[in-house]
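Colleague: Please walk me through this two-chain model. Keep it brisk.

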Amino acid sequence: MRTNEPGDDKFAGLVCRLNLSGLTVTKIILWLLAITIVSFMIGVGVLAVSGDLPGAHGKTASPFVEGGSPGNTSSFTLVGATSGAVSITMGAGELTVRGGAPEDTLMEATVFYRNAEWQPVITESVNGSQKIITMTDKGHTAKEWVAVHSPNSWAVQLSNRVPLDLTVHTGAGDTSLDLSHLSLASLVVENGAGDTEITLGSAPVPGPVEISLGIGDLTLRVPKASNTRIIVHSGVGDVSRSGLVEQGGFFTTPGYDPNRPVTEIRVKQGVGSTSLEAV
Amino acid sequence: MLQNEQEFTRILKERLEGTLAREEIDDIVSDYSEHFRMGKESGRTDEELCKSLGSPEDIARELKALHLVKKAENSKSCRNIFHAVIATLGLGLFNLVFVLVPFLILLVMLFVIFIVGVLFAVFGPIGFVFSLLQLAGQPAFAIWLNPAAGAFFAIGITTMGLLLIIGDYYLARFFYRIGIRYLKWNISVISGTEEI
């Protein structure tokens, strides 16, 4: 035998207060059930009409984008150029840049994507003796930084043989730059949101080295033997150092000598930790 | 072993305090006093009567469990059913298996359904927004195989989440009622009385 339950029907009471146009809990449930069934049926119908029905043509049973391309590789030769300028702009995703491109090749880029339209646009031109390459995510917009998980992944290999001006802009995502074997002439790195890891080589970089981050952690590694000075402007977050000497508001490698060619690195960190390491 | 009525009622009172109201305790004690009075009139000793009634601690445990189950029945809340279950557990070690395990299984099941419902209800609208952005040509938001289908799937996922939450509420009510009946039956079996 059921008794009157004061605490029992709080939910029902709430629904009753929302009793618009005679809506009852039963009606609400039936409406939700109907909307659920109809929505799924229309969704499956759209997939069937567009040929994207899961299970068809070897597709997995999921309405979500899955997996990625096996990797689309493009190579760009030096063609007699004695220096290079590479600019990479990525909306969202994972970017890996390192040296070791094949001989006579300025850049070899492998792009992993989940949708054909997400392939970047890569242009190449020659300015005197300099070969210029731009690799741009054509869907890149300022809004993309809100995308948490990007399906894109780019792996770029650059030439170790020629001096290189490298510019990297990423909206959101993790960026890993192993530039330890490159002959960098200058370096500009901007990352809106995501972790950034940069490893530089011992050869001095004559041009500016500027690293600017919005939100995310930065790990910057320089060789102990290099003649490097690092200037850090950090917003919110810790700055830690390992193997570096702090002097006059700068961080320098142990054997820093301002009279020798210097790699001067300027770091602007928004929100996130900064880890500076001399290895 | 208890020898007299005073000791019996003192222990009974002590064990019931804090759970039952003063008037209820007085009623219970007066019932037992009456039992002692009638027993003595028929020539039985305090010791015999104490032996026949059993341990006042056990009686208090049963009365407390019964009281808390009734309280949980009359005023439905998580706190009350939790207290009722704990009190029933105190009636015997085997109730760890027969009461605690089913109670925990039900609790986990209801919690999982609720969490899944909330996740669906939250991520459905997000999926819907992503499908619109994907339709607007923003590849970074492309989580759906087909954005138009994704919009409908997102609506379906949202409403399914709401259905799960509502269903979970009614399921919880159903199991609450079943649980109360089961606890009553359990107490009656242990105390050897008719189901309350």
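What follows is a short exchange about the two chains.

Colleague: How should I read the numbering and the confidence cut-offs?
Modeller: Residues are numbered from 1 along each chain as its sequence is written, and chains are lettered from A and ligands numbered from 1 in the order in which they are written. This is a predicted model: local features need pLDDT of at least 70, side-chain atom pairs count only at pLDDT 80 or more, and totals for chains, interfaces and linings use all residues.

Colleague: How many helices and strands are there in chain B?
Modeller: Elements are DSSP runs, numbered from the N terminus: helices are H or I with at least four residues, strands are E with at least two. From the N terminus on, chain B runs α-α-α-α-α-α-α. The count is 7 helices and 0 strands.

Colleague: And how many helices and strands does chain A have?
Modeller: Chain A has 279 residues. By DSSP runs, its elements come to 2 helices and 19 strands.

Colleague: What percentage of the residues of chain A count as buried?
Modeller: A residue is buried if 20 or more other C-beta atoms lie within 10 Å of its own, exposed if 12 or fewer, and partly exposed in between; C-beta atoms are placed from the backbone. Of the 196 residues of chain B, 36% count as buried. Of the 279 residues of chain A, the value is 32%.

Colleague: What share of the contacts in chain A with a separation of 6 or more comes from residues 24 or more positions apart?
Modeller: Two residues are in contact if their C-beta atoms, placed from the backbone, lie within 7 Å. In chain B, residues 24 or more positions apart account for 61% of the contacts with a separation of 6 or more. For chain A the share is 64%.

Colleague: Which residues have the most contacts inside the largest nonpolar core?
Modeller: A nonpolar core is a set of buried Ala, Val, Leu, Ile, Met, Phe, Trp, Tyr and Cys residues joined through C-beta atoms within 7 Å. The largest one has 44 residues. Those with the most contacts inside it are Val86(A), Met107(A), Leu158(A) and Ile211(A).

Colleague: Which residues does Met107(A) contact, leaving aside its neighbours within four places in sequence?
Modeller: Met107(A) is among the residues with the most contacts inside the largest core. Outside its sequence neighbours, its partners are Phe76(A), Val86(A), Ala101(A), Ile133(A), Val156(A), Gln157(A) and Leu158(A).

Colleague: How many residues are in the second, separate core?
Modeller: This core includes Leu12(B), Leu49(B), Cys50(B) and Leu183(B). Its residue count is 26.

Colleague: Are α6(B) and α7(B) roughly parallel or roughly antiparallel?
Modeller: Axes are lines fitted to C-alpha atoms, for helices over the stretch in contact, and angles run from 0 to 180 degrees between N-to-C directions. Helices α6 (residues 95-135) and α7 (residues 147-191) of chain B pack at about 165°, with axes 7 Å apart. Angles under 35 degrees count as roughly parallel, over 145 as roughly antiparallel, 65 to 115 as roughly perpendicular and the rest as oblique. Therefore α6(B) and α7(B) are roughly antiparallel.

Colleague: By class, which residues make up the contact of α6(B) with α7(B)?
Modeller: Ala, Val, Leu, Ile, Met, Phe, Trp, Tyr, Cys and Pro count as nonpolar, Asp, Glu, Lys and Arg as charged, and the others, Gly among them, as polar. The tally is 29 nonpolar, 10 polar and 1 charged.

Colleague: Is the crossing of α1(B) past α4(B) left-handed or right-handed?
Modeller: The axes of α1 (residues 5-16) and α4 (residues 56-74) of chain B come within 9 Å and cross at roughly 35°. A crossing is left-handed if the near helix is turned anticlockwise from the far one by less than a right angle, and right-handed if clockwise. The crossing of α1(B) past α4(B) is right-handed.

Colleague: Is Val79(A) buried or exposed?
Modeller: Val79(A) lies in the loop between β1 (72-77) and β2 (83-92) of chain A. Its phi is near 45°, a positive value in a residue other than glycine. With 10 other C-beta atoms within 10 Å, Val79(A) is exposed.

Colleague: What is phi of Asp104(A) near?
Modeller: Asp104(A) is in the loop between β3 (94-99) and β4 (105-112) of chain A. Asp104(A) is partly exposed, with 13 other C-beta atoms within 10 Å. Its phi is positive, in a residue other than glycine, and near 65°.
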